[in-house]
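Here is a short report on one protein chain. Keep the coordinates open while you read.

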Amino acid sequence: MTSIWLDEIAPDRHPPLDEDTSADVVVVGAGIAGVATAYHASRNGAKVVVLEARTVAEAASGRNAGFLLAGVAENFVAAAHRYGEDRALRIWRFTRHNQELVRAIVERERIACDLAWKGSAQIAGDDEEWAEVRESAERLKKEGVRVRLTPEDRAAIYEDDGELHPVRYVRALAGGAVAAGARIHDGTRAIAYSRHLVPLRVRPVRGQMLATAPVASRVFERPAYANRGYRYWRQRADGSLLVGGWRDTAADEEVGEEERTTPRIQQQLERFLREHCADAKVTHRWAGTMGFSHDALPYVGRLNSGVLVNAGFTGHGMAFATATGELVADLLRGEKRNETDLFAPERG
């Protein structure tokens, strides 16, 4: 079954590429990363062509929860342990820049994508994670982050996080790229592209979700990320509920490029849903393939081959890709950016 996002908006049709063409920049893939790159590069004056095997935002960018969060999937303390505190802070600031960039683009392009800033809840799944969530909140407060703890829920509320309709956003961004001179070609597969992915160590991982018809009551106040980001849910403005994740309970099965739901995961999603809203009617069940990197950070920058990449978001394209698209566009015109070391595609 298709996602609720893709079901709600028909794609803008772009003609397939059926003849030779030339461009300053060729972007392969019209998800959020490719479209954001095309948007920024075309606004910088480059002649851009985008090749997409399906339609804009039909893959992972149209199958996620529509969260616009700061940071990575895990809490800040866990990120600091993994990347070092200085690097973790730089990553946090980069994703905050991504949020502000999305806000500015939505205003400038007048994009109707249900963008809202209700904050998010980071919810601990066990005592160890709760200790980290508390410590993360206290550390980030020192950086001026607006965060508060709700001990009764073992959660931290990050007041500046957002949510949106991912398909409406990406397709409107594509429209902005076209208005700036980019050409997008649907139904056009780039045969030679896959060989450039080999050094990136991107592996396909499946995520599953469900959505309901609108319900009258307010079940979830804000988007929530729980159990180290493996479980997530939100309620849209129209009252519909979205529940996703639980991949950690079947990690050996939730791999590969097959966009299909499984009873094992869907039963757990529905069990959680019934615990919170017993009579909600499930209208959509879907799956999507995410590109996972080796260290949960995207690969952004220039390969030794000269190809520029913007990929491997490990399920968090919305949190990074509008800003990484800007980063790639700046590199294309020869600018130096301090963030290149964070996401260097051939890093160790």
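## Salt bridges

Asp 127 and Arg 154 form a salt bridge, with their closest N and O atoms 2.6 Å apart. Asp 127 sits in helix α5, while Arg 154 sits in the loop between β5 (147-150) and β6 (155-158), so the pair ties together parts 27 residues apart in sequence. The model is predicted, and local features are reported only where pLDDT is at least 70.

How accessible are the two partners? Asp 127 counts as exposed, at 58% relative accessibility. Arg 154 counts as partly exposed, at 26%. The backbone of Arg 154 also deserves a look. Its phi is positive, about 50 degrees, although Arg 154 is not a glycine.

Arg 228 is another residue other than glycine with a positive phi, near 60 degrees. Arg 228 is placed in the loop between β10 (224-226) and β11 (231-235).

The salt bridge count comes to 29.

Take the pair of Glu 109 and Arg 43. Which parts of the chain does this pair link? Glu 109 belongs to helix α4 (residues 85-109) and Arg 43 to helix α2 (residues 32-43). These are distant parts of the chain, with the two residues 66 residues apart. Glu 109 is partly exposed, at 29% relative accessibility. Arg 43 is partly exposed as well, with a relative accessible area of 44%.

Next, the pair of Arg 260 and Glu 258. Arg 260 has 38% relative accessibility and counts as partly exposed. Glu 258 is also partly exposed, with a relative accessible area of 47%.

Salt bridges also join up into a network. Its members are Glu 326, Asp 330, Arg 333, Glu 335, Arg 337 and Glu 339.

## Packing of α3 on α5

Two packed helices are described by the angle between their axes and the distance between the axes. Helix α3 (residues 76-83) and helix α5 (residues 127-141) have axes that come within 7 Å. The axes cross at roughly 85 degrees. Angles of 65 to 115 degrees count as roughly perpendicular, and α3 and α5 are therefore roughly perpendicular to each other.

Which residues make the contact? From α3 come Phe 76, Val 77 and Ala 78. From α5 come Glu 132, Glu 135, Ser 136, Arg 139 and Leu 140. By class, the contact residues divide into 4 nonpolar, 1 polar and 3 charged.

## Nonpolar cores

In soluble globular proteins, nonpolar side chains tend to be buried together. Here the largest nonpolar core holds 63 residues. Which of them touch the most other members? They are Tyr 169 and Phe 320.

Tyr 169 can be followed in detail. Leaving out residues up to four places away in sequence, Tyr 169 touches Ile 32, Val 102, Ile 105, Val 106, Ile 111, Cys 113, Leu 164 and Thr 322. A second, separate core has 20 residues, among them Ala 121, Ile 123, Phe 220 and Cys 277.

Val 170 lies in helix α6 (residues 166-179). Is Val 170 buried or exposed? Its relative accessibility is 0%, so Val 170 counts as buried. Apart from neighbours within four places in sequence, Val 170 is in contact with Ala 30, Gly 31, Ile 32, Val 35, Val 56, Ala 57, Ser 61 and Met 318. Val 170 and Ala 226 are 56 residues apart in sequence, and their C-alpha atoms are 26 Å apart in space.

Ala 65 is placed in a loop, between β2 (48-51) and β3 (67-68). Ala 65 is buried, with a relative accessible area of 9%; the cut-off for buried is under 20%. What does Ala 65 contact, leaving aside neighbours within four places in sequence? The partners are Trp 5, Met 209, Tyr 232, Arg 234 and Leu 242. The C-alpha atoms of Ala 65 and Glu 163 are separated by 8.4 Å, and these residues are 98 residues apart along the chain.

How values were computed. Residues numbered from 1 in each chain as written. Predicted model: local features only at pLDDT ≥ 70, side-chain atom pairs only at ≥ 80, totals over all residues. Heavy atoms only, no water. Axes fitted to C-alpha atoms, helices over the stretch in contact; angles between N-to-C directions. Helix = DSSP H or I, 4+ residues; strand = E, 2+ residues; numbered from the N terminus. Parallel < 35°, antiparallel > 145°, perpendicular 65-115°, else oblique. Contact = heavy atoms within 4.5 Å. Nonpolar A, V, L, I, M, F, W, Y, C, P; charged D, E, K, R; others polar. Core = buried A, V, L, I, M, F, W, Y, C linked by side-chain atoms within 4.5 Å. Buried < 20%, exposed > 50% of the residue type's maximum accessible area, 1.4 Å probe, protein only. Salt bridge = Lys/Arg side-chain N within 4 Å of Asp/Glu carboxyl O.
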